[in-house]
Amino acid sequence: MELAKRVQSLTPSSTLAITAKAKALKAEGHDVIGLGAGEPDFNTPSYIMEAAKRAMDEGKTKYTPAGGIPELKNAITAKLKRDQQLTYTNEQIIVTTGAKHALYSLFQVILDKDDEVIVPAPYWVSYPEQIKLAEGNPVIVSADESTDFKLTPERLKETITSKTKAVIINSPSNPTGMMYTKEELEALGQVCVEEDILIVSDEIYEKLIYTEQQHVSIAQISDALYNQTVIINGLSKSHSMTGWRMGFAAGNKEIIKAMSNLSSHSTSNPTSITQYAALAAYTGSEEKVDEMRNAFKGRLDALYDLLIDIPGIECVKPAGAFYLFPNVKKAADGCGFDDVDGWVKALLDEEKVALVPGSGFGSPDNVRLSYATSMDQLEEAAERIKKFVSKYQ
Ligand code: PLP
């Protein structure tokens, strides 16, 4: 049977693919260091797990409203008030099965066939695929180290056509860790308001920032931008809850209502137990979040220093998230590889270090290293990369 055209061009997530390959090598007994994972290595804080256990004991194991339980929506509106000074009503919030599902539903409800969404590259791997699944066209606008991987208002303006529906802003960014300043968001936002483009603001790495810079949501900048923005966020990265599948979207109530209708016919609702765990996370202390952030910061500083010491590797120091996105083109050329993908493959085969090639993120000269693993492993990985590079020179 022929599969639907919609899924024929769908590529599997490159980040999940490399993680799977690293796991398979590990299972064969190889000493593999996996720097591919997009998830924190810490366990979920215990007060969140206790809340989930309590929910089960109390029988909160049934269907919930499709868009989430009211108590959790209240907690999310309180979070948005506390952290972003933004006021939302519960009708403007939908709880979803991870931020990924919030994005998926959003594209499904805003895009008609051939509508365009501007996706700044380097981008998170699922954006283009999700847009295509909604029959839209992802329009990739590339940026490199020369603009700190940032989309500029000029580039945004010249890319907009009569078919442009939305632009994605992901700050801090996966894979680069780059963060926009308030002024940069203001300038991008002005173009979006002038051109009447919806802003999809993916703020999933909001809590993982390692500089003095404060996180600003583009929706905070003006009433016009508040009206024009759908915020996407969740607990996977901030509270180390990737497996629980908990995300949300906040924005225009018509959009949110359409997303809830869609959920009612697809997932029915996010897992009830997860929702009670999320309620504890959003109403609890952020002490554990701060602890995890501090650990990430120590690892970032250490790994960054080790990496930039390796010949042929150049790296902009990220402000947030838990990735480094060095340009390794010179190292790959020096080792005699035609492209960085080949270099990454050989590094895994020969030195058993798993990185994700930048090609999956729209930046073929770069690689993504996740430092969501122990300091010992990071130091060993840097040592092996150094050995690999010097072996060929
Ligand atoms: N957005 C970005 C930029 C991400 O990196 C990820 C996860 O890797 C997500 C969204 C999805 O997160 P979740 O686990 O909440 O679906």
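Phe 149 is buried, with 22 other C-beta atoms within 10 Å. In this classification a residue is buried if 20 or more other C-beta atoms lie within 10 Å of its own, exposed if 12 or fewer, and partly exposed in between, with C-beta atoms placed from the backbone. The place of Phe 149 is the loop between S4 and H7, and its phi is near 65°, a positive value in a residue other than glycine. Asp 148 lies in the loop between strand S4 (137–142) and helix H7 (153–159). Asp 148 is not a glycine either, yet has a positive phi of about 55°. Asp 148 is partly exposed, with 16 other C-beta atoms within 10 Å.

The model is a predicted one, in which local features need pLDDT of at least 70 and side-chain atom pairs count only at pLDDT 80 or more, while totals for chains, interfaces and linings use all residues. Residues are numbered from 1 along each chain as its sequence is written.

The chain has 15 helices and 12 strands. Helices (H or I, at least four residues) and strands (E, at least two) are DSSP runs, numbered from the N terminus. Along its principal axes, the C-alpha trace of the chain spans about 60 × 55 × 55 Å. For 393 residues, a compact globule would have a radius of gyration near 21 Å, and the chain agrees with this at 21 Å. The radius of gyration is taken over C-alpha atoms, and the globule rule is 2.2 Å times the number of residues to the power 0.38. Of the 393 residues in the chain, 48% are buried. Among contacts with a separation of 6 or more, 72% are accounted for by residues 24 or more positions apart. Two residues are in contact if their C-beta atoms, placed from the backbone, lie within 7 Å.

The ligand is surrounded by 13 residues, and the closest are Gly 98, Ala 99, Lys 100, Asn 174 and Ser 236. A residue is near a molecule or strand if its C-beta atom, placed from the backbone, lies within 6 Å of it. By class, the shell around the ligand has three nonpolar, eight polar and two charged residues. Ala, Val, Leu, Ile, Met, Phe, Trp, Tyr, Cys and Pro count as nonpolar, Asp, Glu, Lys and Arg as charged, and the others, Gly among them, as polar.

Tyr 205 has its place in the loop between strand S6 (198–202) and helix H9 (223–228). Tyr 205 is buried, with 25 other C-beta atoms within 10 Å. Leaving aside neighbours within four places in sequence, Tyr 205 is in contact with Pro 172, Asn 174, Lys 237, Gly 320 and Ala 321. Pro 172 is found in the loop between strand S5 (164–170) and helix H8 (182–195), and a cis peptide bond with omega of about -10° joins Ser 171 to Pro 172. Another proline, Pro 122, is in the loop between strand S3 (116–121) and helix H6 (126–133). The peptide bond from Ala 121 to Pro 122 is cis, with omega near 0°.

Tyr 226 lies in helix H9 and counts as buried, with 20 C-beta neighbours inside 10 Å. Tyr 226 touches Leu 86 and Ala 219, not counting residues up to four places away in sequence. The C-alpha atoms of Tyr 226 and Ile 199 are separated by 9.5 Å, and the two residues are 27 residues apart along the chain.

Two packed helices are described by the angle between their axes and the distance between the axes. Axes are lines fitted to C-alpha atoms, for helices over the stretch in contact, and angles run from 0 to 180 degrees between N-to-C directions. Helix H5 (residues 99–110) and helix H10 (residues 253–266) pack at about 110°, with axes 9 Å apart. H5 and H10 are therefore roughly perpendicular to each other. Angles under 35 degrees count as roughly parallel, over 145 as roughly antiparallel, 65 to 115 as roughly perpendicular and the rest as oblique. The contact of H5 with H10 has seven nonpolar, three polar and no charged residues.

The axes of helix H14 (residues 340–351) and helix H15 (residues 375–391) cross at roughly 110° and come within 11 Å. The contact is made by Leu 347, Glu 350 and Glu 351 of H14 and by Arg 384, Ile 385, Lys 387 and Phe 388 of H15. By class, this contact of H14 with H15 has three nonpolar, no polar and four charged residues.
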